[in-house]
Amino acid sequence: MTHPSLPATLPSYNDDEVTSFHPLLGFALNAALLNLGLDADFEVEHHFPVRRLIADFAVVKKSTRGVILFIEVKRRPGDVASTRYRVQAQSYVTQSHGLVELPYYALTNLEVTAAFKHSPSRPQVEQQLLDLGRLEAGRFSTTAPSIFFKDLVSIAEKLLEVSINDSGIYHALSGQLVTLLQNRAGNPNKWHELMTVVGYEYVR
């Protein structure tokens, strides 16, 4: 397999997801497989069908055809923090009966990425967030394309290694967050105080 071609420029928030964002992520995932020496055993599939859904990307084990990682792509950093879009990414795992070998999924706008591992014992998507440190490749408007591409490939490598080795560790706050927020629902000051702490821990 030859090294995938590098897109010439970084996208902007108003660009089309499929024509501008997807090629860049496809490049990063395929480059990461090559760098890790895993391209003989795994492949990246674009627009992977999951019943009536279409996942943007799936990483598939060639020998079993089992999916070890789904990735959903959005355009803006705020989309990565959206519960709605996180649930959308999660749905590829929960709806792909018999297709999933390992229940990992990620949501990204390329600048920032969040990774998750589905578990029935952690039913809320916020409880499935993994602690992989800062998964940031930079900013479309200010980061040099060469630096952005390099860091995006590094993020892809981290996602692949965690998924393939099934070594994902849940974020320390993720299992407690839903309960903590529910307990503070009637006290706006306490609720916002908690969210401030959570936000700091998430980006630290």
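**Strand pairing and cavities in a predicted model**

Trainee: Over how many bridges do strand β1 and strand β2 pair?

Mentor: Strand β1 (residues 42–50) and strand β2 (residues 53–61) run antiparallel, where strands are DSSP runs of E with at least two residues, numbered from the N terminus, and two strands pair if DSSP finds at least two bridges between them. This is a predicted model, in which local features need pLDDT of at least 70 and side-chain atom pairs count only at pLDDT 80 or more, while totals for chains, interfaces and linings use all residues. Residues are numbered from 1 along each chain as its sequence is written, and side-chain values use heavy atoms, with hydrogens and water left out. The pairing of β1 with β2 extends over eight bridges.

Trainee: Which residue in β3 is the bridge partner of F57?

Mentor: Strand β3 (residues 66–73) is antiparallel to β2 and joined to it by five bridges. The two strands form a hairpin with four residues between them, and R65 in that turn has a positive phi of about 65°. Within β3, the partner of F57 is I71.

Trainee: Which helix gives the largest share of the lining of the largest cavity?

Mentor: A cavity is a set of points on a 1 Å grid over the protein atoms alone where a 1.4 Å probe fits but cannot get out, and its lining residues have an atom within 4 Å of a point. The largest cavity, with a volume of about 50 Å³, has I71 and L152 among its lining residues. Four residues of that lining, the largest share, come from helix α4 (residues 145–164), a helix being a DSSP run of H or I with at least four residues. The helix asked for is α4.

Conventions: 1 Å grid on protein atoms, 1.4 Å probe; cavity = no way out; pocket = protein on both sides within 12 Å on 5 of 7 lines; lining within 4 Å. Points joined across faces, edges and corners; volume = space filled by probe spheres on them.
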